[in-house]
Amino acid sequence: MPSEVLEKTQSICSYLVDCKRRIHRNPELGMQELQTAAFVRAELKKMGVEIQPLDTKVGVLGLIRGTKAGAGKVIALRADMDALPIQEAAGQPDQSEVAGVMHACGHDAHTAMLLGAAQLLMSMRERFSGVVKLIFQPAEETLGGSELMIRLGCLENPKVDIMLGQHGIGEFATGDIAFREGPSMASSDTFSVTVKGVGGHGAYPHNSGADALLAAANCVTSLQGLITRQFNAVDPVVLSICTFHGGTAKNIIPEEVAFGGSIRCQSPESRGRIRSALDRMIGSIVAGYNCTHELDYTYGVPPLVNDAAVVRAMRSAAAKLLGEEHVKTMEQPRMGSEDYACYSEKIPASCFARLGIWKDGRAQPKFHNPAFVFDENALPVGAGFFVQAVLEING
């Protein structure tokens, strides 16, 4: 027997699908979500949702006040709205109408699910106390949208007590929701290194005595040892060098060589150590070749850490919505990154759930792929989870 909340979200399935398809046909890249945000605002206004003013046109903040007696908590529900620079090849009814841009990560579905949850929560305000904040953010893919929304005050006035988010996942079947306590996704930082030596003739390298290319090449091969020998193997850290540039001719030893890449960490502790360790090892290597270096290190999003108590409450909510057999556990953290982590860093009482979208009998969907398809049967499940979560906390 479907739960009451699941029956309610299934009854608005056509609305959820219409919203998802409307956004999917009109995808917008990060910080360009003008049409999408305008559509969200219009829908929320139709529902009677209070729109909080923001100094941006690409993000939306709605507010729903429960009328049940009691103070209640302030719960924030988040959805992302941006698309990716990919030419769609999925051949679906809602094929992208924008050349070179598509929703290949499910953000159109996330937005539709939060709109559906808002519609139901507005009709059920007598069932919960406290306040629900609806955060529709831009630019998750470029890992900057959450910081913008936080800077504009989406977590304040009233201050958020509990933060909730969700994202589709292809490893679990439609109808399932998966959770993980503690570290769940990695931080995402980038670095660039410039190695400086002395240029010279390729036939007489000894006259240079400071080969920047050789020094940089040794850094590339040696830096993997930094991870395996100075960081705990059960606290995952990934260092990937993805660019290497140097030289202008085959007989000239270059004066400068640059390389760069990304670093992913599961724990704040490892993230706090990695920059200085990287700088120290590079410095020691290039010094052996009479070279110097400059390190440019950029901190991106932090690790995403789920609060154990909130996860337990959300597992309970999901079990009431779907049945215990559909509540799954993510056994391992992911080394991918998600800018929801910026919210959870500010609001530690947080849970980021993973919504199954794997349709039985089909290949698992591949995110960031031209043929990506989000199973629309998962839309009522995701919308229902948000509603049940509010009732679990403030009902």
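Of the 395 residues in the chain, 53% count as buried, that is, under 20% relative accessible area with a 1.4 Å probe and protein chains only, where exposed means over 50% and partly exposed lies in between. The model is predicted, so local features need pLDDT of at least 70 and side-chain atom pairs count only at pLDDT 80 or more, whereas totals for chains, interfaces and linings use all residues. Residues are numbered from 1 along each chain as its sequence is written, and side-chain values use heavy atoms, with hydrogens and water left out.

**Overall architecture**

- The chain holds 11 helices and 16 strands, taken as DSSP runs numbered from the N terminus (helices H or I, at least four residues; strands E, at least two).
- The C-alpha trace spans about 80 × 45 × 45 Å along its principal axes.
- Among contacts (heavy atoms within 4.5 Å) between residues at least 6 apart in sequence, 81% join residues at least 24 apart.

**Helix 8**

- Helix 8 (residues 268-287) comprises 20 residues and reaches 30 Å from its first C-alpha to its last, close to the 28 Å expected at 1.5 Å a residue; the expected span is 1.5 Å times one less than the number of residues.
- A bend of about 35° occurs in helix 8 at Ile274, the bend being the angle between axes fitted to the seven residues ending there and the seven starting there.
- Ile274 is one of the buried residues of helix 8, which also include Arg271, Leu278 and Ile285.
- The partners against which the buried residues of helix 8 pack are helix 7 (212-230) and four strands: strand 8 (188-196), strand 10 (237-246), strand 12 (256-265) and strand 13 (292-301).

**Ala109**

- Ala109 belongs to helix 4 (residues 107-123) and counts as buried because its relative accessibility is 0%.
- Beyond its neighbours within four places in sequence, Ala109 is in contact with Lys20, Phe374 and Leu379.

**Backbone geometry in loops**

- Most residues other than glycine have a negative phi, and most peptide bonds are trans.
- The peptide bond from Asn157 to Pro158 is cis, with omega near 0°, and Pro158 lies in the loop between helix 5 (145-151) and strand 5 (162-173).
- Asn157 has a positive phi, near 50°, and is exposed, with a relative accessible area of 68%.
- Met31, in the loop between helix 2 (13-25) and helix 3 (34-47), has a positive phi of about 70° although it is not a glycine.
- Met31 is partly exposed, at 39% relative accessible area.
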